Amino acid sequence: VGGTPEATTAPAQAEAPETSGEPETPTEAPAANLSPIKLGNIQDLTGSASESGQANAWGVEYAVNEINAAGGINGRQIELITLDCKNDAEEALNAYRKLVDEHEIDALIGPPLSNSALTWVDLVTEDEIPCVGHFMDERCTTNPDTGEAYPYMFLAEPGCRQQAFSLAEFGLVKLGLKSFAMVYNSQNAFAVTQAQPFVEYVKAKGASVVAEETFTWADTDYSAQCIKVVNANPEAVVITDYAAQAKLLTQQLRDAGFTGVILGANTFGPPFQTMYEGDLKGIYFLQNYDSYSKTAESYPLLQAYMAKFTKDYPVANACFGYDAVLVMADAMRRASDPTNGPEVRDLLESVSGVATTSGPVKIDPASHRPTGIGMYIGEYSEDRSQVNIAAYIAVPEDAV
């Protein structure tokens, strides 16, 4: 689909892309003479990561509807404007400019797409637009040249380095693995930034990385890389990329004769099991949430998502969008003016103990990333109907 993405808004929700959740409308009218807070939202609604993107957008809208139904933020309603980035960096930049220049947003919720978020890391500072998202690449929150946090960029989940630590710890300690191969998309920012610290960490712990293979967005045949991996004879292969590429890689690795462990990013979570038809045994992957436990903070929200869209599996991105709004809302509630970008930015640095579906979130002011959030390691049940938790990995603060 070409052209500039069209906007959707909430609570009006005109032409909304099937992202509405309950409650549908606020129970209290906006306070007289107070203009709404304009919250922009950029997600992949129609691109190659659209299933996750649509769930993310739904989570954002659900949180906004809840806040508005409870009276808004300091008596002001939130007007949500959602644009489609189509999992394309240029489209993401166009969407950002439209939100700022035409819709005049006060703050932004970003997608779990690092390539997209990297396009506006400097612009949000120029425009004084606080941004909270789930872009895992640390380069979205921290300048790689100076080591300083980008003033207006904030992450609401563990970053790539924290997640790489979790996956490596599981492989080394829980499974006792000694040799690994790494396969990743060299054009996907999150994949690159997750692969590199994994390799560094396992080597530092005395394990070996016997093969490192890359591919690009345009590739669909990974047979050459898979043969090299099989010939290197690792105990485990680590795959970091989105679900569509992960599915092809897993299939081609098995077809090439690899029978060992596959360790995957959180993109291996549902709906991966509906895409990959092969045997799921021996596949372990990162999970931000224990999505099937009735006692988990994420369970009610994911059940609401599944009911809304008649799905028989949860998509963690619904929680991503929801949590990002809760983090942003915490700073806005503490601001004298929730539309004042510099004030909200300063308060985002002091977010601490905000209750989200992943547990309490505390933002490190030095990195603009959360500390203290651990990661689950999931594996699919034999009947493919749910994700069982193989381990919970606590992430130390120095892994940020």
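Q: Angles under 35 degrees count as roughly parallel, over 145 as roughly antiparallel, 65 to 115 as roughly perpendicular and the rest as oblique. Which of these terms applies to H5 and H6?
A: The model is predicted: local features need pLDDT of at least 70 and side-chain atom pairs count only at pLDDT 80 or more, while totals for chains, interfaces and linings use all residues. Residues are numbered from 1 along each chain as its sequence is written, and side-chain values use heavy atoms, without hydrogens and water. The axes (lines fitted to C-alpha atoms, for helices over the stretch in contact, with angles from 0 to 180 degrees between N-to-C directions) of helix H5 (residues 160-174) and helix H6 (residues 189-204) come within 8 Å and cross at roughly 45°. H5 and H6 are therefore classed as oblique.

Q: How many nonpolar residues does the contact of H5 with H6 have?
A: Contact (heavy atoms within 4.5 Å) involves residues including Phe165, Leu167 and Leu172 of H5 and Phe190, Pro197 and Tyr201 of H6. Nonpolar covers Ala, Val, Leu, Ile, Met, Phe, Trp, Tyr, Cys and Pro; Asp, Glu, Lys and Arg are charged, and the others, Gly among them, polar. Beside 3 polar and 3 charged residues, the nonpolar count in this contact is 11.

Q: Is the crossing of H11 and H12 left-handed or right-handed?
A: Helices (H or I, at least four residues) and strands (E, at least two) are DSSP runs, numbered from the N terminus. The axes of H11 and helix H12 (residues 341-348) come within 8 Å and cross at roughly 115°, and the two helices are therefore roughly perpendicular. A crossing is left-handed if the near helix is turned anticlockwise from the far one by less than a right angle, and right-handed if clockwise. H11 passes H12 in a crossing that is right-handed.

Q: Which residues is Ala329 in contact with, leaving aside its neighbours within four places in sequence?
A: Ala329 lies in helix H11. Its relative accessibility is 1%, so Ala329 is buried (under 20% relative accessible area; exposed is over 50%, partly exposed in between; 1.4 Å probe, protein chains only). Leaving aside neighbours within four places in sequence, its contacts are Ile67 and Ile73.

Q: How many residues apart are Trp58 and Phe309?
A: Trp58, at 0% relative accessibility, counts as buried. Rings of Phe, Tyr and Trp (its six-membered ring) pair if their centres lie within 6.5 Å; planes under 30 degrees apart are stacked, over 60 edge-to-face and the rest tilted. The ring centres of Trp58 and Phe309 are 6.4 Å apart with planes at 75°, so this pair is edge-to-face. The pair links distant parts of the chain, Trp58 in helix H1 and Phe309 in the loop between helix H10 (299-308) and helix H11 (317-333), at a separation in residues of 251.
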